[in-house]
Amino acid sequence: RILLHSVIWHFYFKVEENGMTYFVLFSSQICLSLIRLLHYLAHSPLGSVTLLDFRPRQFVIVDGELKVTDLDDASVNETPCLSNSNCFMEFPARNFTLTCSLEGVCQRMNEKRNLYNAYRFFFTYLLPHSAPSNLRPLLDNVVNATGELRWGIDETLAQLEEVLYLFKSGSYLQNVTRSQNSGKTATNILTVVLTVFEHQV
C-alpha cells in the first residue's frame, strides 16, 4: 500500500528528469483507475455505492490501482424523493438538482456524487492541461463533462480508456510537434498538484 500523496511526491522527481510523457501517463492512469473503481461501486451487487467521505487521503495505490481505505462512510441507500427538489446535491463550488424517478428515489444520485467528487478532487488537478495538443480537447471534454455531470460513470470510463489508448499507442502523435518547454510546464503543474494534495490529506 502506498499513500496517494506519497506517490505524487515520488513522481515529482520523475517529471523533473523525464518531462511531460511521465506526467501525462501517470495522471491519466490514476484518474482511469479511480473511474474503474467508481464504475464498480456504481454497479456493485449491493447496489450503487456512494462514498460520503470522499477525499484523497481515503485512497491508496495497491499494485498500480487505486483502492479505498475506509468504507465506514459508504452508503448504498439512494435518496428518497417526492419531487426533483428533493434531489438537491450541494458542493462548495456549485449545486445540482437531479431527477426524481417514478419509484420515488433520486436517479443515480450515488453515482453522480462520486463522479463530481472525482472531478473536484482529482480530475481538475491530475488531468493534464498541458497534454499533447491532439489529446487536450479530449481531456478537456472529460473534465468539463464530469464537472457539469453531463456524463454518467459508463461514458466517463469509456472516454478515459480511449484517451489512454491513444496516448499509449502513439496515435495522437500525428502532426504533433513536441514543445521544448513541455517538461518545465509539467513540473509547474505537478507543483500545483502537490500543494493542493498536501492541503487535502
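Predicted model: local features only at pLDDT ≥ 70, side-chain atom pairs only at ≥ 80, totals over all residues.
Student: Where does R108 sit?

Tutor: R108 belongs to the loop between β7 (95-97) and α3.

Student: What about the phi of R108?

Tutor: The phi of R108 is near 60°, which is a positive value in a residue other than glycine.

Student: Which loop holds L149, then, and what is its phi?

Tutor: L149 is in the loop between α4 and α5. L149 is not a glycine, yet its phi is positive, about 55°.

Student: Is L149 buried or exposed?

Tutor: L149 is buried, because its relative accessible area is 9% and buried means under 20%.

Student: OK, helices. At what angle do α3 and α4 pack?

Tutor: Helix α3 (residues 109-126) packs with helix α4 (residues 136-147) at an angle of about 130°, and their axes are 8 Å apart. That angle makes α3 oblique to α4.

Student: Left-handed or right-handed crossing?

Tutor: The crossing of α3 and α4 is left-handed.

Student: Which residues make that contact?

Tutor: From α3 they are L115, Y116, Y119 and F123, and from α4 they are V142, V143, T146 and G147. The residues of the contact of α3 with α4 comprise six nonpolar, two polar and no charged.

Student: And how do α3 and α5 pack?

Tutor: α3 and α5 pack at an angle of about 40°, with axes 10 Å apart. On the α3 side the contact uses E111, L115 and F123, and on the α5 side I153, T156 and L160. Those residues split into four nonpolar, one polar and one charged.

Student: F123 again. What is F123 in contact with, leaving aside neighbours within four places in sequence?

Tutor: With those neighbours left aside, F123 is in contact with C31, I35, A118, V142, V143, T146, T156 and L160. V142, V143 and T146 are residues of α4 in its contact with α3, while T156 and L160 are residues of α5 in its contact with α3.

Student: How many residues are in the largest nonpolar core, and which have the most contacts inside it?

Tutor: The largest nonpolar core has 47 residues. Those with the most contacts inside this core are L38, F54, F122 and F123.

Student: Which elements each supply at least two residues of this core?

Tutor: They are α2 (20-42), β3 (59-62), α3, α4 and α5 (153-169).

Conventions:
Residues numbered from 1 in each chain as written. Heavy atoms only, no water. Axes fitted to C-alpha atoms, helices over the stretch in contact; angles between N-to-C directions. Helix = DSSP H or I, 4+ residues; strand = E, 2+ residues; numbered from the N terminus. Parallel < 35°, antiparallel > 145°, perpendicular 65-115°, else oblique. Left-handed = near helix turned anticlockwise from the far one by under 90°. Contact = heavy atoms within 4.5 Å. Nonpolar A, V, L, I, M, F, W, Y, C, P; charged D, E, K, R; others polar. Core = buried A, V, L, I, M, F, W, Y, C linked by side-chain atoms within 4.5 Å. Buried < 20%, exposed > 50% of the residue type's maximum accessible area, 1.4 Å probe, protein only.
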